[in-house]
There are 2 protein chains.
Amino acid sequence: MDFQTKLSQLKTILEEVADLDSATNLLDWDQQCYMPPGGVEDRSNQLATLKRLSHVRFTSDEVGQLLEDLQPYATQLDPDSDEARLIKVTARKYKKNTRVPSEMVAEFAQMTSLAYQIWQVARVENNFTKFSPYLEKIVDWKRRYANLFVPYDHIYDPLLDEFEPGLKTADVKAIFNDLRPQQVTLIQAIADRPQVDDAFLHQPFNEHMQWEFGVKVISKFGYDWNHGRQDKTAHPFSIGFGVRDVRITTRVYPDYLSSALFSTMHECGHALYDMGVDPTFDRTPLADITSLALHESQSRLWENLVGRSHEFWEYYYQRLVDRFPSQLGNVSLEAFYKGINKVKPSLIRVEADEATYNLHIMLRLELEIALVEGNLQVKDLPEAWNARMKEYLGLIPPNDADGVLQDVHWSSGIIGYFSTYALGNLISGQLWECIKADIPNLSDHIRHGEFGELLTWLREKIHRHGSKFVLQEMVQRVTGSKITPVPYMRYLWNKFGDIYGLRPSMS
Amino acid sequence: MDFQTKLSQLKTILEEVADLDSATNLLDWDQQCYMPPGGVEDRSNQLATLKRLSHVRFTSDEVGQLLEDLQPYATQLDPDSDEARLIKVTARKYKKNTRVPSEMVAEFAQMTSLAYQIWQVARVENNFTKFSPYLEKIVDWKRRYANLFVPYDHIYDPLLDEFEPGLKTADVKAIFNDLRPQQVTLIQAIADRPQVDDAFLHQPFNEHMQWEFGVKVISKFGYDWNHGRQDKTAHPFSIGFGVRDVRITTRVYPDYLSSALFSTMHECGHALYDMGVDPTFDRTPLADITSLALHESQSRLWENLVGRSHEFWEYYYQRLVDRFPSQLGNVSLEAFYKGINKVKPSLIRVEADEATYNLHIMLRLELEIALVEGNLQVKDLPEAWNARMKEYLGLIPPNDADGVLQDVHWSSGIIGYFSTYALGNLISGQLWECIKADIPNLSDHIRHGEFGELLTWLREKIHRHGSKFVLQEMVQRVTGSKITPVPYMRYLWNKFGDIYGLRPSMS
């Protein structure tokens, strides 16, 4: 049998797996958006079954045999061709997934579907004890999972690898050790200057009008409503069911303008990536989300480097004032720009400014590592959280809802993900310097509310490739170097130098 | 290996199949409620894959062997016990499904997902020609399907059997032949009397307030929002994902009051059935919807025998007037009651009154049978539709959107279903006489907005049994006789006798 026949046999199985995974994503989307609470028991069973069937099918001997048969052909292909990469990416996933028993995959799906539901209640009730038994089970599962990959350099490596193939705990620690003092220096420099006023953001803003404004903005970004939609959830996210249906969610606070505005842009950034994947990759692992850091580089780029830029608001501010004249009529563009970029250590990660954001990530990474190492018990987590918040940001949360219970991730069994947010920030800085070099009049485009050329650049350089390339490989291809904090720190110093009147330190 | 072990092995497989089917239902619900149009190609693939996997698993030799092994034990059980019935119902489904190739099941799912999307557009555009190639494929598939069940008495039998196991085309024809002249006599008697005014129903009614009123009513009926929700769709339906998550949809017209009001009650009637199934049946075929006629008997009972009754409005009318004082303030309860029960031949089935409704069904049944027999071509369907509308109801649709394109069923591949609506009407009449005998003060309950005892009766006699019993068996158990039009016609004569001042003819 020839190469094409075998490849086509493989693709048929991959399509079946992709369809199961899309249905799983819909079960998940629905649980977060619309499912009545009483449906959770059935839902957790459904998720467990579909995840198990997908895993069984993907890890079947048939797939193993096809991959083995295809290997000799693959070595003769251009290693960067779609076909060679499909085989490579599938083989990597196969090698990893075959280590994990299907029953363990089902157990995880069922456990986290229930844990998510409990966490929602625990957070509202500010009751960590209600959630902790579920988190204990999740941490235990994650440790068992990691130990399927012995030998490892670090027990956290296999967890990180789920979200960022090839990246090691030691790599992340090295980058963060380099980054942390630079962030602290910046924050200190800002703290020494007169502070910015953002009280005008904390007023009543009509929820429907907030929603509509966000919709207008992301429509301009290029979000395609024929292939997507936006719903309200407690925690914004983006999710795809194939490359032709990529949805986002947001949340709207009636008395705080920034939340819906920037979370909408953030999730749109994710969705634009998935919507831009080469459609011929649909229903194959090349359309999967592989590198979460690359994904976050897109969401953070649209949210911050575009959405929190002066140029952006040169175009949009008057439009915003027109919608909210009583709240913003007396606020100048300059005051608004400074307000939405106010640097202030705060409790909630997703509301954090660009200068302090990465410290929230470092805190979580260290706690996750300690949990997985066994050096921290779940019951001691609130105390450890609060101690680190005090150390890093000078704040102690008044309650666990605004502390250790704030993020959705752990309840969904997502451990190993957080560092990708900070890495995404760094990459967004690297990309931005390349984009500005390639599109010299980018600032003018943004000043006129034009994002087409920017999106085209991102599609061409990044989105269309799907998960053909792993993180460092992709960053190297696009920017000419591996991940480095230098451009991002340069961006922060320039931006906050202007806003706070700092003396240049890194440019 | 003993009975319990084998039964438990069977149940494990049945649970997997049920989870796949629930996920399929969610894919379907989402396509009708929320999916962006551009997602249809991926969605049709997902539906095809999940339907195929469910079919493959259910029709596996393993299931066949377990059923065979369980048979000797089953014969020693009480034949009405849950276990005996589970085996019986599963064996019936197995015998039927194993006749159908899995690829044909997948083909059907993919085809109908696309056809549904096209039909939506064709209906808006009033363009039958756009839809007809898809319907041709569906009819062709149905004919191929039916011919897998040769020998049959009639080619339509296997299609009917999908929705009503055990019922034959000849049975339905016999019932309808008995019913038709009685309906025609009634309608003629009404036509000879002064007509009722319902113009007040055709005014602007605030959509949100219509929605809220419906929600209040079905909450009183017993719809459990912890295990359900309501959304808006072009075509109201109810659907379950396990017995603990049973959802309904409705549509709201801004200038016609009856539509949302009665479709909400109708779908609630369906949902109450599914919500009332013995929870131990969850994730087994005993929780499937087997008899659609029984299902329709519940929806039509709540919509009509309760929701269009005088007693009901004695409680609710003032509440409705309070919400819509400018529209209804000058309309008396008597005038309103007559208005919502106005008998008038009309174009649209779902808006039809109780006296003419069954004629809409007979028309569809005859056309379906002719299509499947090959005696009618799809291209000739609009003409045949209009000719029968003229003959039965004295009307010719001004366009296909209000004619042959009005119903969702054919686009979803549902052929063989329509007669269950009329049968459901007849059964609702039979049940109602039994209920009134068992709950002598039922009218008083309804006059006080109390439906608890009625729901308890329905749960006890019907809902909790799920699909343990087939149609005639269940009707016989509950009412003491098989399906007969007598009670329903008696109900119609009494009701419309009062409204139109007819001389008694059948009581």
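This is a chat about how the helices, the chain contact and some backbone features look in a predicted model.

Biologist: Which three residues supply more than any others on the chain B side?

Modeller: Those are B:Tyr34, B:Pro36 and B:Asp42, which supply 18% of the area that chain B buries against chain A.

Biologist: Thanks. How many salt bridges are there between chain B and chain A?

Modeller: The count is 10 salt bridges. One to look up in the structure is between the side chains of B:Asp42 and A:Arg244, at 3.2 Å from N to O. B:Asp42 is also one of the three residues that lead the buried area on chain B.

Biologist: Nice. Changing topic: how do helix 9 and helix 10 of chain B pack?

Modeller: Helix 9 covers residues 207–221 and helix 10 covers residues 258–275 of chain B; their axes are 9 Å apart, at an angle of about 30 degrees. Angles under 35 degrees count as roughly parallel, so helix 9 of chain B is roughly parallel to helix 10 of chain B.

Biologist: What is the hand of that crossing?

Modeller: The crossing of helix 9 and helix 10 of chain B is right-handed.

Biologist: Which residues meet there?

Modeller: From helix 9 of chain B you have B:Gln210, B:Phe213, B:Gly214, B:Val217, B:Ile218 and B:Phe221. Helix 10 of chain B answers with B:Ala260, B:Leu261, B:Thr264, B:Met265, B:Cys268 and B:Leu272. Sorted by type, the residues of this contact are nine nonpolar, three polar and no charged.

Biologist: What about helix 8 and helix 21 of chain B?

Modeller: Helix 8 (residues 169–191) and helix 21 (residues 486–500) of chain B pack at about 5 degrees, with axes 11 Å apart. That angle makes helix 8 of chain B roughly parallel to helix 21 of chain B.

Biologist: Which residues does helix 21 put into it?

Modeller: Helix 21 of chain B brings B:Met489, B:Leu492, B:Trp493, B:Phe496 and B:Tyr500. Facing them in helix 8 of chain B are residues including B:Leu179, B:Leu186 and B:Ile190. The contact of helix 8 with helix 21 of chain B divides into nine nonpolar, three polar and no charged residues.

Biologist: Over to chain A. At what angle do helix 11 and helix 19 cross?

Modeller: Roughly 155 degrees, and the axes of helix 11 (residues 292–306) and helix 19 (residues 452–461) of chain A come within 13 Å. That makes helix 11 of chain A roughly antiparallel to helix 19 of chain A. A:Gln298, A:Leu301, A:Trp302 and A:Val306 of helix 11 touch A:Leu454, A:Leu455 and A:Leu458 of helix 19 of chain A. Of those residues, six are nonpolar, one is polar and none is charged.

Biologist: Last topic, the backbone. Where is the cis peptide bond in chain A?

Modeller: A cis bond joins A:Val150 and A:Pro151, with omega about 0 degrees. A:Pro151 is in the loop between helix 6 (128–146) and helix 7 (157–163) of chain A. In chain B, the bond from B:Val150 to B:Pro151 is cis, with omega near 0 degrees.

Biologist: And what is the phi of A:Arg283?

Modeller: A:Arg283 has a positive phi of about 65 degrees, although it is not a glycine. A:Arg283 lies in the loop between helix 10 (258–275) and helix 11 of chain A.

Technical notes. Residues are numbered from 1 along each chain as its sequence is written. Chains are lettered from A and ligands numbered from 1 in the order in which they are written. This is a predicted model: local features need pLDDT of at least 70, side-chain atom pairs count only at pLDDT 80 or more; totals for chains, interfaces and linings use all residues. Side-chain values use heavy atoms; hydrogens and water are left out. Axes are lines fitted to C-alpha atoms, for helices over the stretch in contact, and angles run from 0 to 180 degrees between N-to-C directions. Helices (H or I, at least four residues) and strands (E, at least two) are DSSP runs, numbered from the N terminus. Angles under 35 degrees count as roughly parallel, over 145 as roughly antiparallel, 65 to 115 as roughly perpendicular and the rest as oblique. A crossing is left-handed if the near helix is turned anticlockwise from the far one by less than a right angle, and right-handed if clockwise. Contact means heavy atoms within 4.5 Å. Ala, Val, Leu, Ile, Met, Phe, Trp, Tyr, Cys and Pro count as nonpolar, Asp, Glu, Lys and Arg as charged, and the others, Gly among them, as polar. Buried area is the accessible area (1.4 Å probe) that two parts lose on being put together, summed over both. A salt bridge is a side-chain nitrogen of Lys or Arg within 4 Å of a carboxyl oxygen of Asp or Glu.
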